[in-house]
Each structure stands twice: as C-alpha cells, then as structure tokens.
Amino acid sequence: MRVGILGIQHESNTFLSVPTTMEHFRNGAMLTGEGIRSQYAQSHHELGGFFAALDAANIEAVPIYFAWALPSGTITAETAEELIEQLLREFAAAGELDGLLVAPHGAAVSDPYPDFDGQWLSQLRQNVGPDLPIIGTLDLHANLSPQMVDACDALISYRSNPHLDQRQVGQQAAELMIRTLRNEVRPVQAAAFPPVAINIERQLTADSPCREMYELADQLLTRPGILSDSILLGFPYADVPEMGSSFIVVADGDQQLAEQSVGELNEYLIQHRTQFLPDILELDAAIDLALASPQPVCLLDMGDNVGGGSPADSTFLLQALVDRQIDDAFVCIADPASVERAATAGLNNAVELEIGGKTDDRHGHPVKVAATLLSLHDGKFSESKPRHGGRTHYDMGQTAIVNIADGPTVMLTTRRMVPFSLSQLTSCGIEPQRYRILVAKGVHAPTAAYAPVCPTLLRVNTHGVTTADMQSLPFKNRRRPLFPFER
Ligand SMILES: [Zn+2]
C-alpha cells in the first residue's frame, strides 16, 4: 500500500499590514518528494510521525508536497493560487495511492479565501473523490472551519502548548490511517464551534483552566468507540468567521457518539468561559516585578509574538530597558539595516544605531543608541531537543551582537526569528544564565526553551498585532456572538 503525505502550513495574522508572498514560503520550506523525507523524517514535527508510523507498518510513505512559512500577514491571492496549483500538480504526479495524510496548520488566511486551509483541502478532496481516506493533523491554534472537517475523514490536533507532541500526533494520525486501510476501523467525525474565543494568555495547556478541559477530553477517550478527540484553542489574531475555539471528536463508525461527545466538550467551555479571561500585566509593572524576582527573568513580549505573525522589531520593552539603564538584559530584534550598519562599523567599534520599530507604527519607534559591535555571526543554528514547532535547523541571516552603553545587549538579526531555542543565543556566544532579564518575543512557545533556565517567567502586555488585549483589535468579520466580545 502507498500513502501520500502533503501539507501547507501557515498561521496568518490579518492585522499585520505586510502580506505573505511566495518569498516567505521559499524562506521557510517548499519541498517536494524525497526532500520532505530528508528534512522532516527525523524531526519532532508531525511529518516525522507520519514517516515513522508508515515505515513501522511497512506501508510505502509517498512524500508529495510541503510548504511552510513563518507566521506572518494574510497570504496574497497570487501566492494562494500558486501554492494550491503546485500541491495539486505534485499530487497528480504521485501515482496510485491508498490514502492521504495531510498536515494543514488550520489558521491560514488568504485573499480571496479567508479559510485557506478549507479551500485547499476541499480542492484536494474534489480531486481524489469521496472514497480515498484523508486523515490529517492540526495545530491547536487552528481556527477550524466546517470545510476542513468535511474534506477529511479525521483530523487530530496537538494537545500541548508549547507544541512538544507534534511527532506523536503525526504518528497517531498515521496509525489511524493504517487501521482504516486494514478495515479495522471506520472513522467518522463531528465538530463543535462554541461562541468562545480563548485569550492567548490562557492557552498554556499544562495549567488551569486549560488543564481541566484536557482532563475532560482525556476521560472521553476512554469511552468505547472514541478514536480521538481534539481541542482547538484557536488563533485570536485573524479577522475571519472561523476565529475562535472548536472541538473535534472522531468515533469508530458511530456518528451519533461523535456528535454527543463533542457536544459535551462544547458545553464545558461555554459553562467555564469566564475562566478563560486573561491576567494582564502591563510593561512598567512587569519590569518592577522582574527586578524583584529570582533571575534570570524571562519577559515574554506578548504584543510582538513572532510565532503569532508579529514583526519581531517591536521596541517597547527595549526602550524601557534602555530608559531604566538595565545593562544585564538581553533583547533580540529583527533589523537588517542595523545589522549592516554595525557590520560596516566593525568589531569593537562604536556605532550610532536606530534599532527596530521599522515595520509599521504599531510596534514602537526606533530606539536611538550609541552601541558597540561585539560579534558577527552567520545566524545558522540547530536544535536537537523537542521544541515548539518541531524544527531542527534555523537561519536568522547575518546576525550582530551589540552592546548599548549603559543598556542591554541586543542581538540584531537579518530575518525574523522565533525564540524557540536557546541555541539561538549560545550559537552567538550569549550565555543566558548570565543575564538578569531575557526578553523573548512570544507567549507560551518560548517557555519550552526558557523555563529550564529562567525561574521567573512574566507575560507582558505590550501593544502590537498580537496584543493580549484582543478586544482592542479592529475585528469586522468574526462570528457573533463571541465571548469575550459579547459576554
Ligand atoms: Zn500553534
């Protein structure tokens, strides 16, 4: 038997003014055939789980197409069409298949398809016909749509945020495919879309109130006939009707059991919705608290959450650390112009810089400083441990480490970089333990890397396209009513 593997993954922040183009995907991943296996088979990514389970069952894995870009703005119409065209072309060339394993992220938005995942999955379904099994994985930040559910026989999402279970979930989806192909089970699924959007601050799965909801989901799994259940916490930064939480239950041939069980999860969240309102910590209070807390302190910059699509050049925290002359702090900012300027000045030389705040006017002004270039790097590093995103190789482009007089140490990168790995710091000679404050531009994803080093983690409500205060964002297309916008 032969099972195809394909996916397009993007999390689109529709509040960002910069659109996502093919260039973003080329800088991420754009792979066909065996290139997918060589990049991902050994990784902690769900694709790695697909390969592992199929190989173990002696079923031929047929890698077909995979495209991924770092979360960013809405995908342009041209790029959306090109991605779907490439995917369908590669699929058509893959030969006879017995099933398809798909890996959408679930929160991709494009012009003209606000439900881009639903669009490409539906087109794929039209191409394969109604009978070929399509089973897939989802990021728990998916904004699920009925189209995604209709296009697939079963969808299973990650259960952990930070996402440390991606490979296991991929394996689980592939095992369900194998059992389906052997006629041992017949998956049917039901979904529920409660009128609740869960604030990003409440999305740590190991803590209350998420933990109790996952305990209920774990209990449901013990019910005879249930094959899987999924909680989609949702991605709040997309102005689309699908934005919000949702649930999926997959049952063995019993649609009514799936419907009834998904209804219980739905009811639980509606009943407990007020527990999912955030605790908000403002910037100055956060720095005061950081200075009085066990060190190093990781300050999580919620408004510039790079893994949520933000520009990685917000300066609100950097400006505050400079103003308060905190010199044992570390901040990373994407700023190719400053990298070049520092590199031109040369090692150990003074240079005037205007750092960050260049993408738009929502993430602070450039910070004018006198700095010294400490070191220059090619910006490539790798990570072998399970970390959010499941990736092993990173490239942040030419990278400069500069020291601001009476202020923090700043890593200036050419490309936007997600703070998911401490190798990002150590590969450039930065020892995280030596700092009093480490700024990480994220909310929960960085904690897999930072929590082992930082006894204190503080989530800071900064302005920006990923602000914790989601009610301040200009939504026009979200579903109504939707908690917390409507109580
Ligand atoms: Zn996610």
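What covers the buried residues of α4? I'll get to that, but ground rules come before it. This is a predicted model, where local features need pLDDT of at least 70, side-chain atom pairs count only at pLDDT 80 or more, and totals for chains, interfaces and linings use all residues. Residues are numbered from 1 along each chain as its sequence is written.

Now the answer. The cover over the buried residues of α4 includes β1, α1 (22–27), β3 and α5. Helices (H or I, at least four residues) and strands (E, at least two) are DSSP runs, numbered from the N terminus. Buried means 20 or more other C-beta atoms within 10 Å of a residue's own; exposed means 12 or fewer; partly exposed is in between; C-beta atoms are placed from the backbone.

Stay with α4. Its buried residues are T79, A80, L83 and L87. They cover an arc of only 105° around the axis, so they sit on the same side of α4. That arc is taken from the directions from the helix axis to the C-beta atoms. On the other side, E85, R89 and A92 are exposed.

Next, α5. The buried residues here are F116, D117, G118, Q119, W120, L121 and L124. Their cover includes β1 (2–9), α4 (77–92), β4 (99–102) and α6 (146–151). Just after α5, G129 takes a positive phi of about 85°.

Now zoom out. There are two domains: domain 1 (2–276) and domain 2 (283–468). Those bounds come from an automatic or database domain assignment. Their centres, taken over C-alpha atoms, are 31 Å apart. Domain 1 puts 27 residues into the contact, and domain 2 puts in 24 residues. Contact means C-beta atoms, placed from the backbone, within 7 Å.

Last, the core. A nonpolar core is a set of buried Ala, Val, Leu, Ile, Met, Phe, Trp, Tyr and Cys residues joined through C-beta atoms within 7 Å. The largest one has 148 residues, and L101, L299, V331 and V402 touch the most other members. Strand β3 (residues 60–68) gives the most to this core, with seven residues. Take V402. Leaving aside neighbours within four places in sequence, V402 is in contact with A342, L353, A371, T372, L373, L374, V410 and L412.

Notes:
Two residues are in contact if their C-beta atoms, placed from the backbone, lie within 7 Å.
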